[in-house]
Amino acid sequence: MIFPAIAVILIFNYVPMYGIQLAFRDYDFSKGLTGGAWHGLYYFKQFMNSYLFVDLMKNTFTISLASIVLGFPAPIILALILNQIRRKKAKQTLQTTVYLPHFISTIVLVGMLNVLLSPETGIVGHLMKSIGMGDVNLLASTNTFMPVYVLSDIWQHCGWNSIIYLAALSTVDPQLYDSAKIDGASRWQTIRYVDIPAIVPTMIILFILSMGNVLGTGFEKIFLMQNALNLPVSEVIATYVYKIGIVSNQFSYSSAIGLFNTVINFIFLIAVNAISKRFSNMSLW
């Protein structure tokens, strides 16, 4: 049963690694991947010496860390809240409601943001006018782009990401809840001393995995939300690689940037995994 998953990983994750050498060669269409002259670390140095390097790293780190800091606890809190609902029908209705945004495509989501946040026609725009904030285009401001991106991402995926925590909570022995009631524990104390300890192992593993993607802000959503006004804070490594590689046909340079991004993510994954293993005795390996 696991063979199809292994085959997919091999085909789409490991076989393409053959093209990594493109980051070290001067790519030539007529000579293929292995025919270009060997340039070693030339393109990596070019990227790190680029005037955009600091801004790209800053934007990528800022958006990624904000997504982790605000987005990681959100599904945990939601799962704890859902777990406290005793009426089965109400719980199922609320679960379905919070799961649905996950199935909205990125294009549709960005379209909704453009409509809702428009200062002329959007509901949020009219609300801001009514409280005296004037015509503020939240998607065109360098101060509001990141909050809009992070909060909309949490809204879209928070419910779906809470499923794994709800699964962990479902394994809690009901006798623990009965014992807590007998001891006179309040609902908050039950959450603190029964529910949270039950999901700590899951939290640690998922946090380690999230740190392995600390520079992986994604491409589609940020690219669709970009415009000339918010570009100073919305240009990240993923969008820059697309513009350099696909639009400008600098395949070797873009491959080097992409590999640099992957190596940084890998270093973060190894470091956080080692720290977790040392202090909590929990790790991926």
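Trainee: Is Lys221 buried or exposed?
Mentor: In this predicted model, Lys221 is buried, with a relative accessible area of 7%.

Trainee: Which side chain does Lys221 meet in a salt bridge?
Mentor: The partner is Asp153, at 3.8 Å from N to O. The two residues connect distant parts of the chain, 68 residues apart: Lys221 belongs to helix α12 (residues 220-225) and Asp153 to helix α8 (residues 145-161). Asp153 is partly exposed, at 24% relative accessibility.

Trainee: How many salt bridges does the structure hold?
Mentor: There are 2. Glu235 is buried, with a relative accessible area of 13%, whereas Lys243 is partly exposed at 24%.

Trainee: What is Asn59 in contact with, leaving aside neighbours within four places in sequence?
Mentor: Glu235 is one of its contacts, and the others are Pro232, Val233, Ser234 and Val236. A polar atom of the Asn59 side chain also lies 3.0 Å from the backbone oxygen of Pro232. Asn59 itself is located in helix α3 and is buried, at 8% relative accessible area.

Trainee: Turning to helix packing, at what angle does α3 pack with α4?
Mentor: The angle between α3 (residues 53-71) and α4 (residues 73-83) is about 15°, and their axes are 5 Å apart. The two helices are therefore roughly parallel.

Trainee: Which residues make that contact?
Mentor: Helix α3 contributes Ile68, Val69, Leu70 and Gly71, while α4 contributes Pro73, Ala74 and Pro75. By class, the contact has 6 nonpolar residues, 1 polar residue and no charged residues.

Definitions and conventions. Residues are numbered from 1 along each chain as its sequence is written. This is a predicted model: local features need pLDDT of at least 70, side-chain atom pairs count only at pLDDT 80 or more; totals for chains, interfaces and linings use all residues. Side-chain values use heavy atoms; hydrogens and water are left out. Axes are lines fitted to C-alpha atoms, for helices over the stretch in contact, and angles run from 0 to 180 degrees between N-to-C directions. Helices (H or I, at least four residues) and strands (E, at least two) are DSSP runs, numbered from the N terminus. Angles under 35 degrees count as roughly parallel, over 145 as roughly antiparallel, 65 to 115 as roughly perpendicular and the rest as oblique. Contact means heavy atoms within 4.5 Å. Ala, Val, Leu, Ile, Met, Phe, Trp, Tyr, Cys and Pro count as nonpolar, Asp, Glu, Lys and Arg as charged, and the others, Gly among them, as polar. Buried means under 20% relative accessible area, exposed over 50%, partly exposed in between (1.4 Å probe, protein chains only). A polar contact is a pair of N or O atoms within 3.5 Å; within protein, one must be able to donate a hydrogen and the other to accept it, and residues adjacent in sequence count only if both atoms are side-chain atoms. A salt bridge is a side-chain nitrogen of Lys or Arg within 4 Å of a carboxyl oxygen of Asp or Glu.
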